[in-house]
Amino acid sequence: MRQALSSRLGRAGTGLHRLRARTAPAPEAPEEAGPWGPAPVIEVRALRKTYGTGDAVVRALGGPPDPAGGEPAGVDLVVEQGDYVAVMGSSGSGKSTLMNILGCLDVPTSGRYLLDGIDVGGLDEHQLSLVRNRKIGFVFQSFNLVPRTPALAQVELPLAYAGVKAAERRRRALAALALVGLADRVDHRPNELSGGQQQRVAVARALVTAPAMLLADEPTGNLDSRSTEDVLAVIDRLNASGRTVVLITHEDEVARHAKRVLRLVDGRIVADVRQAAADGPPPALRDPAAFAGHAPTALSGTAGGALR
Amino acid sequence: MNPVEILRFAVGGLAANKVRSGLTMLGVLIGVAAVIILLAVGNGSSQSVKDSIEKLGTNALTISSGGGFGASSGSDTKPLTVDDARALADPASAPDISTVAPEVTTSQTAVYNGTSHTVGQVVGTYPAYFKTSNSKVDKGDYFSADDVLNSRKVAVIGSTTATDLFGTASPVGKKLVIGGTPFTVVGELATKGGTGFQDPDDTVIAPLPTVQNAFTGFGPVSQILVEAKSAGATTRAQNEITTVLMGTHGIKDPSALDFRVSSQQSLLSTQSDTNKTFTVLLGAVAAISLLVGGIGITNIMLVTVTERTREIGIRKAIGAPRGVILGQFLAESTLLSLLGGGLGVVAGLIGSRFTIVGIKPVVIPASVWGAFAIAVAIGLFFGGYPANRAAGLRPIEALRHE
């Protein structure tokens, strides 16, 4: 267990020994390497998030209170290694809240969240920053690039925080930018890039630390269809190479790239549809010709009908 | 994440808004420079007063009539006389006294060739006066003891008096009329210069009996100038003077003296006390301007942090530890104060090379280090608060900030 943890966290620096100490007294944890294969990347149990107190309480995640128990059931979710999950739902359905908690940007009110086998709830501020840095790559709808900073420096930033040496950092950042097709734009600042290019820089920044999973909160929400295709192609290829991907979207066209589609309504998962096997290429790469031939509406039946 | 990296981030942050960084730095610069210059001016003025007092000679003691401060000035006060001076000149009773010069002063109008000039101080004394009062003759010669014994009408004049009456011509050998009595000028004193309310160069020095005969009469003398054998002997000389004069004045009680002995030392300490107050006042003004500069840093750091909250959120979302965020903002504010303080030291040192309102500033080294250290400390402490606030934000809170 300890060895498994330390190897999973990689070079976690000073926080690592404390991390081990915290998680050690949970030997019954289901992520224990055993006959059932590797632990899931994400395991969420009875997750709830509320804002405010008393009458003014807003239940962002976990659904309405159970009439019998008085407490909402909460969200349960398991995402396996290599899966490609699209989370759909209307505004206010709690999908962004779920994503922020999965990305360790926000903390749940109650419930358990195991990321790659580590109980995130027991981590302190410093350990959380290590987790955000090494295990999660986050892509935002509004790109969220650091202003006035060239693309190369943007992508180098997570590596700098991880303590990677300058030469190695540059090499890996250039490789990540090449992967998203921006090798010729390394010196451009965010205001010199198109929206699609900015989002691809953000994707490069998210994947440069080789995180366990890529979280994308409506990555194509602010992009035209051409850029959407570019960004989704990058994400498809990442997933094909084994990276776990969770993305939020409104659009069926985006959701049909995923292997599994979840629908959230009022903070609860109401539908869970698998479109392809977790271990295998994503739908768009399995049979590109057939995928391109299908109209976007072809999937609406399985994905859960009208969304807007 | 090494310190060099954090420093690079900080420089980048400052360079992103050059005008604002520059103005903040200017605030600190002015504060530090003000502290250095104002303290140097205060120090310079006290230095110049000290110098002019030292010019009078440190071995000199002045005996003047009248009791000490607060003593009753009863009718039994005996004036100082030439006999007192004679008694003090006796090496048997006062071994630490080298010379004694009784002195009478008056103010008279001097006339030469139709030019009239009111001399500030006409002094009648003995030749020992010149050495004791540190008056040196520039042209001509001093008058001699023989001139005193024979009451010759000769005079040594100060440089201001000489310029006013004779212009650029040498006054030596010329005759001028002082208060109706003709005097022959035998010498001109070197310029002393001074900061007092009285020009020490506007003076005429003549033999004691001549001045008494012509103006003041053979009564009491205004004061007696005594020179101790060495600077270290002034205290002993002071005691000897007291003993001798108590004898001549018939005083038994040492607390009821009718004369006063003052040394340059006591004058010096009074002056330096006054100057210390002056310096402290200037220092307080400067310290306030430094504080205002510090508040400027705090303000700018608060604005910067608020403006860049989103950026902080992004950085935290991609895994920046709290320490690095804290370090970056702390480094920014410290850099501001370090650069501002450094430039302030340079400006202060350059500024104190000029003469300000007639005072040559003398830089106090401690003020340079002190002002610089305070500026940097202000940067650290006042920058620490906004930096800490920024670093403590939860990533999602910071990201939602608009």
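At what angle do helix H6 (residues 166-179) of chain A and H7(A) pack, and how far apart are their axes? Let's find out together, keeping in mind that this is a predicted model. H6(A) and H7(A) pack at an angle of about 135°, and their axes lie 9 Å apart. That angle makes H6(A) oblique to H7(A). The crossing between H6(A) and H7(A) is right-handed.

If you look at the place where these two helices touch, you will find A:Ala176, A:Leu177 and A:Leu179 on the H6(A) side. Facing them from H7(A) are A:Val201, A:Ala204 and A:Leu207. Sorted by class, this contact of H6(A) with H7(A) has six nonpolar residues, with no polar and no charged ones.

Now stay with H7(A), which spans residues 195-207, and turn to another partner. Helix H5 (residues 151-162) of chain A packs against H7(A) at an angle of about 30°, with the two axes 7 Å apart. Angles under 35 degrees count as roughly parallel, and H5(A) and H7(A) are therefore roughly parallel to each other. Their crossing is right-handed. On the H5(A) side, the contact is made by A:Ala151, A:Gln154, A:Val155 and A:Pro158, while H7(A) brings A:Val201, A:Ala204 and A:Arg205. The residues in this contact of H5(A) with H7(A) are five nonpolar, one polar and one charged.

How many cavities of 30 Å³ or more does a search of the whole structure find? The search finds one, and the volume of this largest cavity is about 70 Å³. From chain A, residues lining the cavity include A:Arg132, A:Asn133, A:Ile136, A:Gly137 and A:Phe138, as well as A:Pro158, A:Arg205, A:Ala206 and A:Thr209. Chain B takes part too, with B:Ala317 and B:Ile318 in the lining. Helix H4 (125-134), strand E7 (136-139) and H7 of chain A each supply at least two lining residues, and E7(A) gives the most, with three. Overall, the lining of the largest cavity divides into six nonpolar, three polar and two charged residues. Notice A:Pro158 and A:Arg205 in this lining; both also belong to the contact between H5(A) and H7(A).

Next comes an open space, the second largest pocket, with a volume of about 440 Å³. Which residues are closest to its centre? Of the 22 residues that line the pocket, they are A:Arg148, A:Thr149, B:Phe9, B:Gly12 and B:Arg315. H5 of chain A gives two or more residues to the lining, and so do helix H1 (3-15) and helix H10 (309-317) of chain B. By class, the lining of this pocket has eight nonpolar, five polar and nine charged residues.

H1(B) makes the contact with B:Ile6, B:Leu7, B:Phe9, B:Ala10, B:Val11, B:Gly13 and B:Leu14. From H11(B) come B:Val324, B:Gly327, B:Gln328, B:Ala331, B:Glu332, B:Leu335 and B:Leu336. This contact of H1(B) with H11(B) holds ten nonpolar, three polar and one charged residue. B:Phe9 links the last two stops: B:Phe9 is part of this helix contact and is also among the residues closest to the centre of the second largest pocket.

Conventions: Residues are numbered from 1 along each chain as its sequence is written. Chains are lettered from A and ligands numbered from 1 in the order in which they are written. This is a predicted model: local features need pLDDT of at least 70, side-chain atom pairs count only at pLDDT 80 or more; totals for chains, interfaces and linings use all residues. Side-chain values use heavy atoms; hydrogens and water are left out. Axes are lines fitted to C-alpha atoms, for helices over the stretch in contact, and angles run from 0 to 180 degrees between N-to-C directions. Helices (H or I, at least four residues) and strands (E, at least two) are DSSP runs, numbered from the N terminus. Angles under 35 degrees count as roughly parallel, over 145 as roughly antiparallel, 65 to 115 as roughly perpendicular and the rest as oblique. A crossing is left-handed if the near helix is turned anticlockwise from the far one by less than a right angle, and right-handed if clockwise. Contact means heavy atoms within 4.5 Å. Ala, Val, Leu, Ile, Met, Phe, Trp, Tyr, Cys and Pro count as nonpolar, Asp, Glu, Lys and Arg as charged, and the others, Gly among them, as polar. On a 1 Å grid over the protein atoms alone, a cavity is a set of points where a 1.4 Å probe fits but cannot get out, and a pocket is an open set with protein on both sides within 12 Å along at least five of seven lines; lining residues have an atom within 4 Å of a point. Grid points are joined across faces, edges and corners, and a volume is the space filled by probe spheres set on the points.
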